[in-house]
Amino acid sequence: MTDTAPETAADRRIRATVTRRFVRDPFVIGVVLLVAAIAWTLAGGDLDFFPFLLMLLGGFGIAFSFVNATMEMRPARIGVILHVVVAAVLTATMLVVIEFDGAELLADLPEPARAIALVLQIAAGPATGWIWLGLLSRVTDLFRHRDTAKRPAPTPPAWQREDTADGSRVEFPAVPLRMRALTISIVLIVVVVGLAGAALLIALDGAGMLLGPRIAIIVVGAGLALPVYLVLLAVIRLRTLPCSVAFGDDELRIRVGTATHRIPFDELETLVWRTRSDYARVEVRGTGTKGAGTEGIGAVGAEGAAVDLSLIAGLAKAPAGRTSELPAVPRRVFRRLELAGMTVQRTRRDEVVTFRRGV
């Protein structure tokens with residue numbers, strides 16, 4: 001499906017949901033946190049730890065929203081150009097402020113304006129760091145695409161016909177992790193960086209005075225965030241398990257490590273299938289049967305217990321010759337799930353397909 005394809009009502013609903021959750025909501029939260037930090041600073045006058053943390057979180061929220069917005073722009077080159085321009089302008093502005101002593105530049109401004117400028121300068125540290133991380137991701141993708149011209153491109157996992165059962169199966173590595181937990185982990189990175197940065201600024205007061213407060217804030221906002229983020233990814237990938245999903249004639253079969261689950265189509269409540277990006281995943285909720293002699297992962301118990309699984313393939317380490325993706329849902333599955341009372345929603349480029357039980 002191309003970017004110029006007609007947009008259906010379901011496409012618009014999905015796009016609106018993605019925009020709300022990953023662009024609008026983080027932006028609103030970031031602005032609210034910065035406003036609270038400004039109000040706190042104007043009321044107290046001193047840069048306490050709590051408003052300092054609000055500034056870091058507010059800057060991260062706005063940067064998170066901006067990066068996601070550029071990723072969603074079409075054509076893609078517009079998002080890339082805007083991303084590069086904003087990253088360059090932010091970095092240049094921070095360097096100018098450091099070079100020419102921001103305190104002197106703001107000396108003639110009234111007190112409220114100086115407080116607002118101070119909040120924005122501190123918030124710019126984590127914001128700039130996250131924007132550059134997003135830009136680094138784009139550059140990595142560019143080099144990956146160039147490498148595919150020199151060697152056979154890795155392929156996504158493929159569907160295989162099951163000889164001993166009905167339907168087809170796909171095998172892939174994945175991390176059992178809910179999107180909410182992943183989002184909370186990313187937010188915690190900002191909190192950890194804020195706490196660690198505050199501790200470093202207190203412990204290394206002499207170094208902070210030597211470098212200057214603004215350079216110290218940049219080191220805290222950008223220099224600490226990347227290592228913590230890389231550690232988070234490494235810890236997440238340690239939980240990678242071999243998984244498989246099979247669509248039979250009337251049931252969904254899932255294997256996670258040594259645990260197996262069978263969910264009849266008429267007992268399936270929700271199925272989310274995302275094929276690409278770091279968030280490529282399978283989410284399943286419904287009533288199913290746990291395989292005999294296995295150890296369950298997630299909220300799974302005896303026969304008839306609720307199945308609630310989230311398997312993120314995009315964050316797992318892919319085997320040689322494979323990508324961390326999922327193949328598209330077979331066409332026959334759409335019809336069988338619709339006959340079982342499910343409704344389907346798709347994104348514009350079919351990267352995310354959601355089946356839900358009709359009301």
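## Salt bridges, worked step by step

In this predicted model, the side chains of R169 and E171 meet in a salt bridge (3.2 Å, N to O). A salt bridge here is a side-chain nitrogen of Lys or Arg within 4 Å of a carboxyl oxygen of Asp or Glu. Residues are numbered from 1 along each chain, local features need pLDDT of at least 70 and side-chain atom pairs count only at pLDDT 80 or more, while totals for chains, interfaces and linings use all residues. Side-chain values rest on heavy atoms, with hydrogens and water left out.

**Exercise 1.** Find the relative accessible area of R169 and of E171.

*Solution.* Start with the classes: buried is under 20% relative accessible area, exposed over 50%, partly exposed in between (1.4 Å probe, protein chains only). R169 has 22%, so R169 is partly exposed. E171 has 44% and is also partly exposed.

**Exercise 2.** Locate the partners in the salt bridge between R178 and D308.

*Solution.* First, check the contact: the closest N and O atoms are 3.0 Å apart. Next, place the residues: R178 lies in the loop between β2 (168-176) and α6 (179-203), and D308 in strand β9 (residues 306-312). The pair therefore links distant parts of the chain, 130 residues apart. Helices (H or I, at least four residues) and strands (E, at least two) are DSSP runs, numbered from the N terminus. Finally, R178 is partly exposed at 37%, and D308 is partly exposed at 22%.

**Exercise 3.** Name the residues linked in a network of salt bridges.

*Solution.* The network links E251, R253 and R262. Over the whole structure, the search finds 7 salt bridges.
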